[in-house]
Amino acid sequence: MKKAMILIILIIMVQSVDALGIGLSPSDMVFDNSLKGSTYENMLTIINMNTEDMNYSLSSSGDIGGWVSFYYPDPDTQIQTVIVPANSKTSVIVKFQIPPDAASKNYTGELVVRSVPKESDASGSQQSFIVGGSSQVRIIVTGDQIIDGVVNGISVNDIEPGYPLKVETMFRNTGNVVVNPEIKVTILKDNELIHSFIYDKATIKPSITNAITAEWNTTEETIPGDYTANVIVSLDGKILRSSDETFKIFPVGTFSRQGNLTDIRIEGEPTIGSLVKVNAYFENTGEIETAAKFSGEVYKDGNLINTITSEELQVEKYREVELVSYFKLESKGDYLIKGKVIYSGKETPVKEVSLKAGKSIPGFEGISLIAVMLLLVMFRGKKKSRKM
């Protein structure tokens with residue numbers, strides 16, 4: 001019987017520590033019909049049951065020991081350790097690269113996660129427990145290429161004229177190679193053909209489930225009413241699912257437009273001569289997607305010195321996005337940023353965030369001093385040449 005999680009505590013006792021533990025999910029991974037030379041991936045969730053942040057090392061062992069690499073926070077950033085906040089969890093991406101010359105047979109191994117001992121502090125104390133866990137892995141390698149998949153669901157949402165109809169298909173690649181499913185959408189109104197298109201740009205890796213979104217861009221002249229989207233999902237010429245999804249196009253203004261500027265944060269340490277990254281977080285609480293952008297004013301010691309804006313982004317309903325803008329710190333002082341988000345002809349209430357700039361970027365003062373010295377040398381040289 002498979003367990004949803006395993007909990008292994010390896011204890012090296014030096015002193016007592018409360019509630020120290022780790023959880024891993026899933027407890028085992030199985031890759032059937034894996035193709036030689038292909039890459040497969042899965043998520044490994046590390047649960048820190050300790051009351052403080054923990055740093056964990058990531059490794060693998062067994063037959064698959066040399067095939068494994070770990071990535072966080074994105075599929076391009078490879079890691080060997082990861083910090084998990086106290087009483088929290090972090091999911092890392094695990095990639096398995098099967099050698100092209102691997103024999104067709106079953107391979108086993110483990111993904112091993114262990115806490116990294118802390119260095120001794122001034123008092124000589126250090127982490128007294130090493131905590132570890134493992135997830136079992138079984139990979140069945142075959143030389144046969146398998147192209148297959150399943151459709152777990154198809155959905156469409158009601159819209160207004162001028163907004164895109166999004167046809168979302170949940171697709172799982174059950175084969176052992178990368179596939180590009182074909183989504184054919186036919187739009188009907190009163191059994192009359194309105195529009196038809198095919199979307200086949202999505203790339204799905206083996207054993208991965210992804211949402212594929214195909215869009216029909218309506219116009220402001222699109223007639224409100226009842227519609228049907230006939231959706232056919234095919235793979236390698238084989239129809240996996242055909243479904244008729246009904247939806248409505250309502251008159252403009254039917255759906256509410258609401259949103260909140262939930263927070264403004266400054267990223268990084270504010271130093272003179274550096275760019276300050278301003279992150280504004282906007283939540284679309286309305287019933288339809290909206291375009292949103294951040295607009296702000298920068299004050300120094302109470303005086304307006306700059307204005308900043310972010311790129312305009314499309315925000316789906318009930319989603320939150322990060323709107324990013326920048327400005328440069330030119331001198332020391334107290335700074336205040338007042339900002340709002342503009343969306344669907346509306347504005348959020350203004351929020352503020354402050355920062356104090358008192359440091360320079362490394363080498364900035366030195367560069368300034370050298371520039372002053374060079375000017376003095378040039379000035380003295382000119383004075384001497386005039387006396388001669």
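## Overall composition

Of the 388 residues in the protein chain, 39% are buried (buried means under 20% relative accessible area, exposed over 50%, partly exposed in between, with a 1.4 Å probe and protein chains only). The model is predicted, so local features need pLDDT of at least 70 and side-chain atom pairs count only at pLDDT 80 or more, while totals for chains, interfaces and linings use all residues. Residues are numbered from 1 along each chain as its sequence is written, and side-chain values use heavy atoms, with hydrogens and water left out.

The protein chain has 28 strands and one helix (DSSP runs numbered from the N terminus: E of at least two residues for strands, H or I of at least four for helices). Among contacts with a separation of 6 or more, 68% join residues 24 or more positions apart; contact means heavy atoms within 4.5 Å. The chain exposes about 21800 Å², of which carbon and sulfur atoms supply 50% (Shrake-Rupley method, 1.4 Å probe; for residues, only the protein chains shown count as cover).

Five strands form an open sheet in the order β2-β10-β9-β4-β7, with mixed pairing; two strands pair if DSSP finds at least two bridges between them. The edge strands, β2 (28-35) and β7 (81-84), each pair on one side only. Strand β4 (residues 54-62) runs antiparallel to β7 and is joined to it by four bridges. Met54 has Val84 in β7 as its bridge partner.

Val113 belongs to strand β9 (residues 106-115) and is buried, with a relative accessible area of 1%. Beyond its neighbours within four places in sequence, its contacts include Ile22, Leu24, Leu44, Ile46, Tyr56 and Val131. The C-alpha atoms of Val113 and Ser135 are separated by 8.6 Å.

## Salt bridges

The whole structure contains 13 salt bridges, each defined as a side-chain nitrogen of Lys or Arg within 4 Å of a carboxyl oxygen of Asp or Glu. Lys166, Glu215, Glu289 and Glu316 are linked in a network of such bridges.

In the pair Asp334 and Lys356, the closest N and O atoms are 3.0 Å apart. Asp334 lies in strand β25 (residues 333-343) and Lys356 in strand β27 (residues 351-357), so the pair ties together parts 22 residues apart in sequence. Asp334 is partly exposed at 41% relative accessibility, whereas Lys356 is exposed at 59%. Arg265 and Asp263 also meet in a salt bridge (2.8 Å, N to O); Arg265 is partly exposed at 44%, and Asp263 is partly exposed at 27%.
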